[in-house]
Amino acid sequence: MANTNTMHTVKDGAAIHPELASPRSLLSDLTQEQLPQQTRIDFGNTLNQPDLTFADCSKVWLQAKKIQVKESSYQKYENNLDLYLLPTFGLMQLKAIDNQKVQDFISYLIDPCKLCVTTIRNLINQFNSILQFGSALMAQSLPELIIICPRQQAKPLRVLSPSEQSKLERTLESQTNLTGFGILFALYTGVRIGELCALRWEDIDLEDETVHVHKTLQRLRADDGPSKTIVKVTQPKSVGSDRIIPLTKRLVKLCKKHQAGADCYILSGNKHYVEPRTLQARFAKITNQLGLKGAHFHTLRHTFATRSIEVGFDIKCLSEILGHSSVKITLDRYVHPTLALKRANMAKLKSVESNATRRPKEKAGSDPNNVTLKSPLGV
């Protein structure tokens, strides 16, 4: 079998074969003028190097990624390299990396690192991307790697039951603070916590009864300065995350009650933001008081999606409201049919069962193969 630089990863017992970008298309993307000068220099130095090391390859890979992804994603890639990938593979030549080395690395991530399956899979996907990148730089194929990852155990996501939701709503509506308003806003729109924290009143059009979600607020690592981290308002998670969401009449009424200046954040009523970890702590305090075990802020988003499905939302419409890039993400991640909904759908089979038991009896002596069809015009 011919060598290839495709990594085969076993996912829940089924082998998947990720598509590999051709070296020509990959290199043409990397030689665009928008790349920083140092990146172009490093890129040129690594071209056609048969003994290219993982460290040198990952350095150029990371520089190229910096102009393609959000800052938060870039920092995750950088942390993965610094903490796990470079200490293990940094000094190795790409062509020397084999199945056993990668499987030993996965075993190390499982124990003693004790990383969760999702984190391990993300690390392997990044590792695979760097190898593909290196193959393009070297203009040659790398040995095939058949990697067995831990099985992904699906965990049920926490969704508020109708009674829990009613309890939360009653508690929050009885309060007059902006924290309660913000929690209800998330429950009725499904926005992410970072998106909620970035919302200003200028983003809400009460005449048109819509909200424009186009930013997210998050705490990131600071590259310099006295503080290790810094809060930034950036573009949302993906292109699909920039969206306009219609508001319900109930939410419009709440907005009018708490409305402040156009440049004020909706969670504070002034020009000072409330960051996600502060809002999460406040939400945790409320849920603990109400006995809503296992509920976290993202539970509001799960609950919004589930209630929407239960009342008959169009899936494509819901997907766009949630800011997903595809309907599949909405179905797989955020829609969790309740037992009541399953029973309601199963009840639809009643008409089929009834028709099956009401078939007309055949007349004696009639030929079942001799069927006369009536004209749709009644002729």
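**Figure 1. Pairing of strands β4 and β5 in the predicted model.** In this predicted model, strand β4, residues 204-205, is joined to strand β5, residues 210-213, by two bridges, and the sense of the pairing is antiparallel. Within this pair, D205 lies opposite T210 of β5. The two strands form a hairpin with four residues between them. In that hairpin, E209 adopts a positive phi near 60°.

**Figure 2. Pairing of strands β5 and β8.** Strand β8 covers residues 243-246 and runs antiparallel to β5. Four bridges connect these two strands. V213 is found opposite R243 of β8.

**Figure 3. The open sheet of three strands.** The order of the strands in this open sheet is β4-β5-β8, with antiparallel pairing. The edge positions are held by β4 and β8. Each of these edge strands has a single partner strand, so one side of each lacks a neighbour in the sheet. In general, the strands of a sheet pair through backbone hydrogen bonds, in either a parallel or an antiparallel manner.

**Figure 4. Packing of helices α3 and α6.** Helix α3 spans residues 54-66 and helix α6 spans residues 117-138. The axes of the two helices are 9 Å apart and meet at an angle of about 95°. Angles of 65 to 115 degrees count as roughly perpendicular, and α3 and α6 are therefore described as roughly perpendicular to each other. On the side of α3, the contact is made by F54, C57, S58, V60 and W61. On the side of α6, the contact is made by Q126, F127, S129, I130, L131, F133, G134 and L137. By class, the residues of this contact comprise nine nonpolar and four polar, with no charged residues.

**Figure 5. The second largest pocket and its lining.** The space in the second largest pocket amounts to about 240 Å³. Its lining consists of Q165, L187, Y188, I245, P246, T248, F304, R307, S308, V311, F313 and I321. Which elements give two or more residues to this lining? They are α8 (178-189), β8 and α12 (298-310). The element that gives the most to the lining is α12, with three residues. Divided by class, the lining of the second largest pocket contains eight nonpolar, three polar and one charged residues.

Note on methods. Residues are numbered from 1 along each chain as its sequence is written. This is a predicted model: local features need pLDDT of at least 70, side-chain atom pairs count only at pLDDT 80 or more; totals for chains, interfaces and linings use all residues. Side-chain values use heavy atoms; hydrogens and water are left out. Two strands pair if DSSP finds at least two bridges between them. Axes are lines fitted to C-alpha atoms, for helices over the stretch in contact, and angles run from 0 to 180 degrees between N-to-C directions. Angles under 35 degrees count as roughly parallel, over 145 as roughly antiparallel, 65 to 115 as roughly perpendicular and the rest as oblique. Contact means heavy atoms within 4.5 Å. Ala, Val, Leu, Ile, Met, Phe, Trp, Tyr, Cys and Pro count as nonpolar, Asp, Glu, Lys and Arg as charged, and the others, Gly among them, as polar. On a 1 Å grid over the protein atoms alone, a cavity is a set of points where a 1.4 Å probe fits but cannot get out, and a pocket is an open set with protein on both sides within 12 Å along at least five of seven lines; lining residues have an atom within 4 Å of a point. Grid points are joined across faces, edges and corners, and a volume is the space filled by probe spheres set on the points.
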